[in-house]
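Dear colleague,

Please find the structure below, followed by an account of what was found in it.

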Amino acid sequence: MEKSTSGWLNGMMGVAIFAGSMPATRAAVVELDPYFVTAGRATIAALLALCLLVGLRERRPGRRDLSSLAIVSVGVVLGFPLLTSLALQHISAAHSLVFLGLLPLCTALFGALRGGERPRPAFWLFSIAGAACVVGYALRDGVASSLQGDLLMLLAVVVCGMGYAEGGSLSRKLGGWQVISWALVLALPVMLPMFVLTLPASPGSVSSSAWIGLAYISVFSMLIGFIFWYRGLAQGGIAAVGQLQLLQPFLGLGLAALLLHETVSWAMLVVTLGAVVCVAGARRFAR
C-alpha cells in the first residue's frame with residue numbers, strides 16, 4: 001500500500017509539471033522553429049542528464065536495455081516533442097490539451113503489450129469511454145481549428161503512450177531518473193547537430209517569453225517531470241497511475257488561459273470532465 005501511494009504521489013508531481021508543457025511549447029513555437037524547439041529541449045536536458053550520470057557515477061545500462069531506451073527516446077525525446085511542436089503551429093495550446101485525454105488509454109495499451117499488465121475488462125470499458133469523449137470533441141471542433149493539427153496531436157499521443165509505458169516498465173529495473181537520463185543521452189548524437197543547424201539567425205530578436213517557454217520544456221518537461229513520472233509508473237503500475245494524465249488537461253487549460261490568454265470553451269471543460277469521470281472508473285478496475 002505504501003509503495004502504491006508513493007507511486008500516485010510521484011505520478012501526480014509528474015503530471016503537474018507536464019501540465020505546463022503545451023502552453024510553454026506554444027509560447028516557444030510562435031517565434032522559434034519547431035525543429036529547433038525539439039532539438040533544443042532534448043539537447044539541454046541531455047547535457048543536464050549527462051552531468052547527473054557522470055556526477056553520480058551511474059553504471060551504464062546493459063545491452064538488453066538499449067532497445068527499450070531507444071523506444072523511450074523515439075517516443076518522448078523525439079516523437080512527442082516534435083509532433084506537438086508542429087501541431088501547435090496550427091492549433092491552440094488549449095485545444096491540444098484535450099487530446100491528452102487519450103494518453104491514459106494509449107499508455108495502458110502499451111503497458112499491456114510491453115509491461116505485461118493485465119487490467120480487468122471493466123478498466124478497458126471506462127478507458128475507451130474516456131477516449132471516445134476526447135475523439136468526439138476533436139471531430140466536432142476539428143474543422144473549426146485544423147485537421148492537420150489534430151492528426152499531429154493524435155500521432156503524438158500514440159508515440160508518447162509508447163514511451164511512457166516502455167519507460168515505466170524499464171524504471172522498475174534501472175530507476176526513474178536513470179531511464180530518462182540515458183534515453184536523452186542516447187538521442188544526443190541526433191539532437192545536438194539538429195540543434196546547431198536550426199539555431200535562429202537572430203536570437204536577439206526572439207522575445208523572452210519564447211526563450212522562457214523553451215527553458216521550461218527543456219528542464220522541467222523533458223527531465224525533472226520524467227523523474228517523478230517514471231518512478232510513479234514503476235511503483236504504482238503503468239495502467240493505474242497512467243490514469244492521472246486525465247488531470248493534465250485541467251491544469252494545462254488553466255495555464256493556457258492565464259499565461260497565453262487563450263479562450264477555454266465550455267465544450268473543452270465538459271469533455272475533459274467527462275473523460276476524468278471515466279478515468280475514475282477505470283482506476284477502480286486497473287488491477
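A polar contact here is a pair of N or O atoms within 3.5 Å; within protein, one must be able to donate a hydrogen and the other to accept it, and residues adjacent in sequence count only if both atoms are side-chain atoms. The side chains of Glu166 and Ser68 make such a contact, at 2.8 Å.

This is a predicted model, in which local features need pLDDT of at least 70 and side-chain atom pairs pLDDT 80 or more, while totals for chains, interfaces and linings use all residues. Residues are numbered from 1 along each chain as its sequence is written, and side-chain values use heavy atoms, with hydrogens and water left out.

Glu166 lies in helix 8 (residues 147–174); helices are DSSP runs of H or I, at least four residues, numbered from the N terminus. Its relative accessibility is 5%, so Glu166 counts as buried (under 20% relative accessible area, 1.4 Å probe, protein chains only). Beyond its neighbours within four places in sequence, Glu166 is in contact (heavy atoms within 4.5 Å) with Ser68, Ile71, Val72 and Arg114.

The structure also holds 9 aromatic pairs, counted where ring centres of Phe, Tyr or Trp (its six-membered ring) lie within 6.5 Å; planes under 30 degrees apart are stacked, over 60 edge-to-face and the rest tilted. The rings of Tyr164 and Phe226 have centres 5.9 Å apart and planes at 65°, so this pair is edge-to-face. Because Tyr164 lies in helix 8 and Phe226 in helix 10 (residues 208–236), the pair ties together parts 62 residues apart in sequence. Both residues, Tyr164 and Phe226, are buried.

Yours sincerely

Definitions and conventions. Helices (H or I, at least four residues) and strands (E, at least two) are DSSP runs, numbered from the N terminus. Buried means under 20% relative accessible area, exposed over 50%, partly exposed in between (1.4 Å probe, protein chains only).
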